[in-house]
Amino acid sequence: MAPASKAEKKAAVDAAAWMFNVVTSVGIIIVNKALMATYGFSFATTLTGMHFATTTLMTAVLRMLGYVQPSHLPLTDLLKFVLVANFSIVGMNVSLMWNSVGFYQIAKLSMIPVSCLLEVVLDKIRYSRDTKLSIGVVLLGVGVCTVTDVSVNTKGFLAAFIAVWSTSMQQYYVHFLQRKYSLSSFNLLGHTAPAQAASLLLLGPFLDYWLTDKRVDKFEFNTASLIFIILSCTIAVGTNLSQFICIGRFTAVSFQVLGHMKTILVLIMGFFFFGKEGLNLQVVFGMVIAVAGMIWYGNASSKPGGKERKSHSLPTNKTETR
């Protein structure tokens, strides 16, 4: 196959993986918003445990059918991943509860520089000036769109700090473990999803009771709420898988930068479905800046020297035949 054809095929697969992530991520936000706002199912941590249980079932079925080959992930690496991943989930939920929406959005934006720092320190990645500037433009645009009231308190700042660092570490680990152990996205999910499902389903009801003062076992389920829970779990399988695919094919920083396109789409869809009272010149201006920054980042990071690893190689342990 000609090199040009290989490049075109890779670009097409990259675009498909990214679109898969955008569609499933936006879809699950809309479904969960309806589930919690309309039907009162406010047990976010328990729901996430259900998501990973459904993902575990999916990977088990694919393994039985022969679509996923056996692989190995050391217990120590698995435990480290599950620890930071669960801190990420709990930290984001607590941060949203304890902080203003404005400070919560600022915390989410800070994941990009933290992810950059992790890549620079741990992977010896070097960014060009244009790549750094384009990241700054994305941060500015999304900030203009989403940051309104900004107030901070000690416990809210602590929750946001834990959420930002654990989420950045979780996303770094996804890329790191896939490269180190030659794991596919399905393989890595097959190892991590059962442990996350078990831990979140065990601890989730207690954490949700602490956060909402409501017990999940007292929730009055009905047909409509069950349909939305099943729909949320089904879409979550795609969201979890597409996240692992995208971070594996790109990096945590690229996933964060381009991921803010989902923020823009959620805002736009919110205007269409929930009214246009939030649509103003500031929001539109921020969207334009953010999209321009994303396009600039895509061009800058793909150029020679835009984002490169210094003379540093990661040892790999081959665990499956590709």
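## Ground rules

Helices (H or I, at least four residues) and strands (E, at least two) are DSSP runs, numbered from the N terminus. The model is predicted, so local features need pLDDT of at least 70 and side-chain atom pairs count only at pLDDT 80 or more, while totals for chains, interfaces and linings use all residues. Residues are numbered from 1 along each chain as its sequence is written, and side-chain values use heavy atoms, leaving out hydrogens and water.

## Aromatic pairs

Rings of Phe, Tyr and Trp (its six-membered ring) pair if their centres lie within 6.5 Å; planes under 30 degrees apart are stacked, over 60 edge-to-face, and the rest tilted. By this rule there are 14 aromatic pairs. One of them joins Phe-41 and Phe-219 edge-to-face, with 5.1 Å centre to centre and 85° between the planes. Phe-41 lies in the loop between helix 1 (3-39) and helix 2 (44-64), and Phe-219 in the loop between helix 8 (185-212) and helix 9 (223-249), so the pair ties together parts 178 residues apart in sequence. Both Phe-41 and Phe-219 are buried (under 20% relative accessible area; exposed is over 50%, partly exposed in between; 1.4 Å probe, protein chains only). Phe-41, Phe-43, Phe-219 and Phe-221 form one aromatic cluster.

## Within helix 7

Tyr-172 and Phe-176 are four residues apart in helix 7 (residues 154-181), so about one helical turn separates them. Their ring centres are 5.8 Å apart with planes at 20°, so this pair is stacked. Tyr-172 and Phe-176 are both buried.

## A buried aspartate

Asp-77, in helix 3 (residues 75-98), is buried with a relative accessible area of 5%. Not counting residues up to four places away in sequence, Asp-77 touches Leu-177 and Tyr-181 (contact means heavy atoms within 4.5 Å).
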